[in-house]
Amino acid sequence: MEARHLRYALALAEHEHFGRAAGALGIAQPPLSRQIADLEREVGARLFDRTRRGVFPTAAGAAFLSRARRALDEITAASVEAARAARGETGRLRLGFIASALLDPLPDVLGRFGRERPEVRLELHEMATSRSTAALVAGELDVAIGLGRPRGIGAEQLVSVPIGHDHLVAVVSSTHPYAGQSSVDVEQLRRQPLIVASGEDEPAVVTGLRALLGTDSPALSGATVARDIHTIIGLAACGVGVGLGPSRMLTAPRRGTWFSEVTPRTPLPDLVLSFRTGDRSPALNAFLDVIRANCPAVGAALDHRLGSPGHEGKAAAARLLPDVASPTAREKAPPSPGSPASCFGPTAS
């Protein structure tokens, strides 16, 4: 039994005449008569009474037509839903991200994605870079935003592009001796208790800190380990020590804290967006389209990595990515939330 059999039966019930029903369906009358006869044989019951006054459903036909109508409605709805899913208008997107991405670019990107794809279910998971990479490779995430290019087993299966740059800054309590300084140097950091990210969670960041302070630095080995940048800032505000983190922390000012540059200037791993090479699900494509719309340079790098012709190369695109806006600590206060932070546009507070 095919969907056309259901349509033929419903048309015949509506027009009560083989000729009129065939005309409405755009077919000849003999084929319609044969299809209805075939349908009745398959069902095992007479569905229509053929009379001089017209063709009318039998009791069995009425019962059949009621179900047939609902079945065709479901088929139509299924086709509509399939088309919407193929356009990325429905479905699910699982995103893993580090906390600092909530400062920039996620507020603008997720806000736009939510407006353009309100029926795509977003599953958001804050997690460290090492964990999001493993989850992405395992198929537990669709896209991840982390620090540095993915490392480890399966990382070669991922497409990764930089979406922002950072350098190291320090944050202290406003009552700390370093408060008011435009910068702090390495020797000063070695003499203070530090607050840093976990080496297990963010190995690329800790590798940079070891290069700056020394592999066997007592200050680093005795540092307080914080889960994310918000905890780093909070502990610094409590006077626990000197917090070290990415310059995008400057877009999240907190009362009672002071930010200083770290000298020498120490670049941190890029903020990187990654997804599986073979995953071109409509919901992921829709998310990447929002990324392209918010930052053409990142879009160019994406298109180059995915093999789309007529776009800038990845290296050229990466050079277009500006540093995260990082006002110096000479200013009396960090920038107000909403200041431009990257090519993604304003950072939401």
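## The largest pocket

Sorted by class, the lining of the largest pocket in this predicted model comes out at 13 nonpolar, three polar and six charged residues. The pocket holds about 300 Å³ of space.

As for where the lining comes from, α10 (229-237) and β10 (242-246) each put in at least two residues. The top contributor is β10, with three residues.

## The second largest pocket

Next up is the second largest pocket, with about 190 Å³ of space. Its lining is made of 14 residues, and Ser130, Thr133, Pro150, Arg151 and Pro203 sit nearest the centre. By class, that lining splits into seven nonpolar, four polar and three charged residues.

The biggest share is from α6, which gives five.

## How α1 packs on α4

Now for a helix pair. The axes of α1 (residues 3-15) and α4 (residues 59-86) come within 10 Å and cross at roughly 125 degrees. That angle makes α1 oblique to α4, and the crossing is left-handed.

Which residues in α1 and α4 meet? On the α1 side they are Ala3, Leu6, Arg7, Ala9, Leu10 and Ala13. Their partners in α4 are Phe64, Leu65, Ala68, Arg69, Ala71, Leu72 and Ile75. By class, this contact of α1 with α4 has 11 nonpolar residues, two charged ones and no polar ones.

Conventions:
Residues are numbered from 1 along each chain as its sequence is written. This is a predicted model: local features need pLDDT of at least 70, side-chain atom pairs count only at pLDDT 80 or more; totals for chains, interfaces and linings use all residues. Side-chain values use heavy atoms; hydrogens and water are left out. Axes are lines fitted to C-alpha atoms, for helices over the stretch in contact, and angles run from 0 to 180 degrees between N-to-C directions. Helices (H or I, at least four residues) and strands (E, at least two) are DSSP runs, numbered from the N terminus. Angles under 35 degrees count as roughly parallel, over 145 as roughly antiparallel, 65 to 115 as roughly perpendicular and the rest as oblique. A crossing is left-handed if the near helix is turned anticlockwise from the far one by less than a right angle, and right-handed if clockwise. Contact means heavy atoms within 4.5 Å. Ala, Val, Leu, Ile, Met, Phe, Trp, Tyr, Cys and Pro count as nonpolar, Asp, Glu, Lys and Arg as charged, and the others, Gly among them, as polar. On a 1 Å grid over the protein atoms alone, a cavity is a set of points where a 1.4 Å probe fits but cannot get out, and a pocket is an open set with protein on both sides within 12 Å along at least five of seven lines; lining residues have an atom within 4 Å of a point. Grid points are joined across faces, edges and corners, and a volume is the space filled by probe spheres set on the points.
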